[in-house]
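Here is a short report on selected local features. Have the sequence and coordinates open as you read.

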Amino acid sequence: MEPQGFNSDSVKAVVSQFIGFLLDSYDLTMILTIAPTLAKVLLPPESPLLATFNVILAYSLTIIFRPLGSAIFGNLGDKIGRRADLIITVIGLGLASAITSALPTYAEAGILSFILFVIIRIAVGIFAGGEYSAGHPFAMEWTPFKWRGLVSGIVQGGFSFGAALAAVVEGIFLAIYGTTGVQEFAWRYIFLTALVPAFLALAIRLAMKETPVFEDVKKKNLVRRTPFLDLFRKPYRRDFFQVMLYMTGMFLFAYSLFAFVPAILEHAPSKLPYVTAVNVYTYGTYAAFIGAILFGALSQYVGRRRLTIIWAIMTFIVSIPVYYLLITSASSGNLILASIASILIGIITQGPWGIIPIYLSERFKASMRASGVGFGYSSGIFIGGWFSIYVPLMHNYLFKGIDTPTNVWFSTAILLMIGAVLVGIGQYLGPETLGTKLAEEVSATKQ
């Protein structure tokens with residue numbers, strides 16, 4: 001059965017997943033926005049751009065562990081339920097993020113400090129992969145049909161909101177302690193703040209009920225013995241690989257903003273001071289939050305598939321112009337134009353993410369939904385997660401003369417264009433999911 005209207009349990013489910021997804025992005029954005037600081041704290045003296053790339057590479061390597069978390073916790077979510085799964089993942093994600101604050105510096109422990117950093121990133125990746133496996137289906141299964149698009153955008157917008165919140169928190173610490181103070185000790189305090197959203201999400205989840213859809217699956221004896229493995233069996237195998245292609249493009253979309261807009265703004269020829277660069281990037285994450293909500297709501301009328309294909313074509317066309325606006329305005333120190341460019345990039349790259357929670361939930365049966373949503377989401381990482389290698393390779397061997405020696409604006413624009421092609425093709429190969437029932441039919445069989 002599916003809910004016919006919003007009630008207190010529906011609100012708890014949506015707020016819970018919004019905060020949980022916020023925490024995921026909050027942690028990731030802290031890594032990316034203070035990558036230059038972490039490079040100085042955790043690594044030996046090197047070229048500033050190379051050291052920053054090393055931190056982003058460590059971030060990218062830990063992203064690769066998200067599919068493992070999705071496989072583990074997705075399968076568990078389809079076996080024991082979404083709620084219990086989510087309690088485990090938010091505890092693990094919050095603690096792993098906060099433990100970063102206890103890392104020794106390179107001056108104290110040598111290269112061991114960076115090794116420990118990578119290990120913690122792996123743990124964060126595993127729990128984060130489990131977070132959306134059960135969390136997205138949980139929120140969607142508590143949402144009435146007519147509100148699915150909007151709620152999907154709100155839930156997914158939690159990721160952009162978390163990025164914006166992390167940038168704001170970092171800006172506050174920079175204002176209080178200055179760049180030197182953050183590099184010397186205050187970066188530890190920044191990571192400790194992750195405990196706040198983790199505690200809030202945990203408190204809400206302890207008060208939640210299991211979704212009526214999953215309860216129905218149990219009642220009808222439709223719980224699968226191997227829900228994760230069923231993704232790779234007929235007739236679901238084709239669905240999974242279509243989702244994987246689509247999500248690969250979506251990850252290239254995402255990190256064209258989250259990974260490289262800060263790097264573009266913080267390195268020459270950009271003339272923006274570090275604190276100003278962080279603020280400009282924050283404007284883009286605000287816009288990303290709004291874009292996800294609007295895109296999700298609009299998909300309820302236009303359709304998930306049609307809207308995404310139109311958006312992919314538009315993105316391919318405007319990628320180079322919008323990044324050119326970003327680099328030229330940053331290099332001239334024009335704060336207004338740089339902010340406009342960041343806002344446009346935020347909307348362009350993150351708007352399509354507004355349908356991900358509901359689109360993936362509609363693509364998989366209730367009895368394998370946590371596995372399908374989680375691993376389908378994470379499958380884009382297998383190719384898309386190596387963005388921190390693709391951009392430096394394009395920069396060094398193809399576009400260094402266009403990028404400028406110390407900036408990667410053009411290579412990042414090309415990354416976004418490749419993402420647009422994959423997103424468009426991926427959606428074209430799949431069906432329109434608007435109108436799909438989330439509850440499993442009584443006659444369904446456990447193939």
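## Arginine 304

Arginine 304 is buried, because its relative accessible area of 0% falls under the 20% cut-off. The model is predicted. This arginine sits in helix α15, which spans residues 304-331.

Two side-chain polar contacts involve arginine 304. One joins it to serine 299 at 3.0 Å. Another joins it to glutamine 300, also at 3.0 Å. Leaving out residues up to four places away in sequence, arginine 304 touches Arg148, Gly149, Ser299, Ile355, Ile358, Tyr359, Glu362, Gln427, Glu432, Thr433 and Leu434.

## Nonpolar cores

The largest nonpolar core holds 117 residues. Met247, Tyr255, Phe258, Leu265, Tyr323, Trp353 and Tyr377 touch the most other members. Helix α12 (residues 237-258) contributes the most to this core, with 13 residues. Apart from it lies another core, of seven residues, including Val14, Val151, Ile358 and Leu438.

Leucine 265 has contacts beyond its sequence neighbours. With those within four places set aside, its partners are Ser270, Leu272, Ala277, Val280, Tyr281, Leu326 and Ala330.

## Helix α1

Helix α1 covers residues 8-33, 26 residues in total. From first C-alpha to last it reaches 36 Å, close to the 38 Å expected at 1.5 Å a residue. Of its 26 residues, 22 are buried, so α1 is largely enclosed by the rest of the structure.

## Helices α4 and α18

Two packed helices are described by the angle between their axes and the distance between the axes. For α4 (residues 66-80) and α18 (residues 369-379), the angle is about 170° and the axes are 7 Å apart. The pair therefore counts as roughly antiparallel, since the cut-off for that class is over 145 degrees.

On the α4 side, the residues that meet α18 are Arg66, Pro67, Ser70, Ala71, Gly74, Asn75, Gly77 and Asp78. Their counterparts in α18 are Arg369, Ala370, Ser371, Gly374, Phe375 and Ser378.

## Serine 101

Where does serine 101 lie? Serine 101 is in the loop between α5 (82-99) and α6 (106-109). Its relative accessibility is 11%, so serine 101 counts as buried.

The side chain of serine 101 reaches the backbone oxygen of alanine 98 at 2.7 Å. Not counting residues up to four places away in sequence, serine 101 touches Arg188, Phe191 and Leu192.

Technical notes: Residues are numbered from 1 along each chain as its sequence is written. This is a predicted model: local features need pLDDT of at least 70, side-chain atom pairs count only at pLDDT 80 or more; totals for chains, interfaces and linings use all residues. Side-chain values use heavy atoms; hydrogens and water are left out. A nonpolar core is a set of buried Ala, Val, Leu, Ile, Met, Phe, Trp, Tyr and Cys residues joined through side-chain atoms within 4.5 Å. Buried means under 20% relative accessible area, exposed over 50%, partly exposed in between (1.4 Å probe, protein chains only). Helices (H or I, at least four residues) and strands (E, at least two) are DSSP runs, numbered from the N terminus. Contact means heavy atoms within 4.5 Å. A polar contact is a pair of N or O atoms within 3.5 Å; within protein, one must be able to donate a hydrogen and the other to accept it, and residues adjacent in sequence count only if both atoms are side-chain atoms. The expected span of a helix is 1.5 Å times one less than its number of residues. Axes are lines fitted to C-alpha atoms, for helices over the stretch in contact, and angles run from 0 to 180 degrees between N-to-C directions. Angles under 35 degrees count as roughly parallel, over 145 as roughly antiparallel, 65 to 115 as roughly perpendicular and the rest as oblique.
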